[in-house]
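Biologist: Could you take me on a close look at one part of this model, the aromatic rings, and then show me what surrounds them? I would enjoy one connected account.

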Amino acid sequence: MKKSIALENISMKFYRDGNEKCVLDGVSMTLTEDRFASLVGPNGSGKSTLMNIIARIMDYENDDTGKIIYNGFQSEKKIGYVWQNYKDSLLPWLTVEENIAFPIYVSPRSSSDGKELARKLIGTFLPDISPKAMIYQLSGGQQQMVCLLRALVLEPDIMLLDEPFAALDQQRSWTTALHFEKEWSKRQIPVLFVSHDVDAAVLLSDDIGLLSKKNRKITKCINNTLEHPRTLDMLTAKEHILCRKEIIEFLHSES
Ligand code: ADP
Ligand code: MG
C-alpha cells in the first residue's frame with residue numbers, strides 16, 4: 001500500500017489577546033510517496049502552521065476542524081522536519097556530526113551508529129566540512145544543510161521541509177535541491193516542501209499547492225509533468241516556465 005497523507009478540510013484558529021484569528025479555513029491536499037509536493041504562499045498564509053499540524057506538534061483545539069488520514073504507515077511514524085528557524089534548532093555545544101546524529105542518540109529504538117551515518121551524509125552533502133567542526137564555524141547555508149542531514153539520518157517516513165534552502169545562494173539552492181531529490185528517489189516517502197524560491201519549488205515538485213492568505217486555503221494545485229530525475233536544464237523547459245508563471249501570477253494576486 002502506498003504511503004500517503006490526506007489533509008481534509010483542515011481549519012485552525014489562534015487566540016491572541018482575546019481575539020480569534022482564523023489562519024486555515026478548509027485546507028485540503030494529498031501527499032503521496034511517489035509525488036513530490038510543495039506549498040507556496042505569502043508570509044503568514046499558514047504554511048508552517050500546516051506543517052506543525054501534520055507533525056502533530058500543534059494539535060486541534062476547541063472548534064478546529066478537519067481530518068488528517070495517514071495511509072500505509074506503521075503506527076509509529078518517523079518524521080524528518082527541517083525547521084524554518086534552523087539556527088534555533090541546532091545545538092551549539094555539539095559538533096556537526098553530533099548534531100546530525102542527535103535524533104539517533106535520543107531514539108530509544110535505534111541501534112545504529114549515529115556518527116557513522118552522520119559522516120556518510122556529510123561526505124555526500126557537505127564534503128568540505130569536517131565532521132568535528134563546531135556549528136559556529138559554519139556559514140548560515142552550511143548550518144541549514146546540517147539541519148537537512150539531521151532530518152535524513154533517521155530514515156524518516158515523512159519529510160517536512162520548511163524553507164530548508166533559504167540561506168543558500170540561488171545556484172547552491174538548486175543543486176542541493178536536486179541532490180535531495182536523488183535521496184528521495186531512492187526511498188520515496190511523502191514529502192512537503194515549503195519555499196519562497198519559486199524555481200526550486202517547481203524544479204523539485206510534481207504537485208505545488210498554492211496556499212492563499214486571502215482565502216486561507218489551497219486555492220489550486222499545479223502539476224509539473226516533467227520526469228524525474230530533474231536536471232538544471234529543466235529550469236528553462238516549457239513545462240517549468242508555465243508552472244512558474246502560474247505561481248508568480250498567484251503571488252501577485254495575493255499582494
Ligand atoms: P507562514 O509559515 O505561511 O509564514 P505561519 O504558519 O507561521 O505562516 O503563521 C500564520 C499566521 O498564524 C500568522 O499570522 C501568525 O502570526 C499566526 N500564528 C502562528 N503561530 C501562532 C501562535 N502560536 N499563536 C498565535 N498566532 C500564531
Ligand atoms: Mg513559515
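Modeller: Happy to! Ring pairs join Phe36, Phe165, Phe180, Trp184 and Phe193 into a cluster. Please keep in mind that this is a predicted model. In total, the structure holds six aromatic pairs. One of them is formed by Phe36 and Phe180, with an edge-to-face arrangement: the centres are 6.1 Å apart and the planes make an angle of 85°. This pair links distant parts of the chain, since Phe36 belongs to the loop between β2 (19-32) and β3 (37-40) while Phe180 is in helix α6 (residues 170-186), 144 residues apart. Phe36 counts as buried because its relative accessibility is 0%, and Phe180, with a relative accessible area of 2%, is buried too.

Another pair, Phe165 with Phe193, is tilted, at 5.7 Å centre to centre and 45° between the planes. Phe165 lies in the loop between β6 and α6, and Phe193 in strand β7 (residues 191-194), so this pair ties together parts 28 residues apart in sequence. Both Phe165 and Phe193 are buried.

The charged end of Lys77 sits over the ring of Tyr70, 4.3 Å from the ring centre.

Now let us turn to helix α8. Its 17 residues should span 24 Å at 1.5 Å a residue, and the end C-alpha atoms are 25 Å apart, which agrees. The buried residues of α8 are His240, Cys243, Ile247, Phe250 and Glu254. Seen down the helix axis, these buried residues fall within an arc of 95°, so they line one face of α8. They pack against β3, α7 (198-204), β8 and β9. The face of α8 turned away from the buried side carries the exposed residues Lys238, Leu242 and His252.

The backbone has some details to check as well. The peptide bond from His228 to Pro229 is cis, with omega near -5°, and Pro229 is found in the loop between β9 (218-223) and α8 (238-254). In the loop between β8 (207-211) and β9 sits Arg216, whose phi is near 60°, a positive value in a residue other than glycine. Arg216 counts as partly exposed because its relative accessibility is 29%. Glu155, in the loop between α5 (140-152) and β6 (158-162), has a positive phi too, of about 50°, although Glu155 is not a glycine. With a relative accessible area of 48%, Glu155 is partly exposed.

Methods. Residues are numbered from 1 along each chain as its sequence is written. Chains are lettered from A and ligands numbered from 1 in the order in which they are written. This is a predicted model: local features need pLDDT of at least 70, side-chain atom pairs count only at pLDDT 80 or more; totals for chains, interfaces and linings use all residues. Side-chain values use heavy atoms; hydrogens and water are left out. Helices (H or I, at least four residues) and strands (E, at least two) are DSSP runs, numbered from the N terminus. Buried means under 20% relative accessible area, exposed over 50%, partly exposed in between (1.4 Å probe, protein chains only). Rings of Phe, Tyr and Trp (its six-membered ring) pair if their centres lie within 6.5 Å; planes under 30 degrees apart count as stacked, over 60 as edge-to-face and the rest as tilted. A charge sits over a ring if NZ of Lys or CZ of Arg is within 6 Å of the ring centre and within 35 degrees of the ring normal. The expected span of a helix is 1.5 Å times one less than its number of residues. The arc is that of the directions from the helix axis to the C-beta atoms. Contact means heavy atoms within 4.5 Å.
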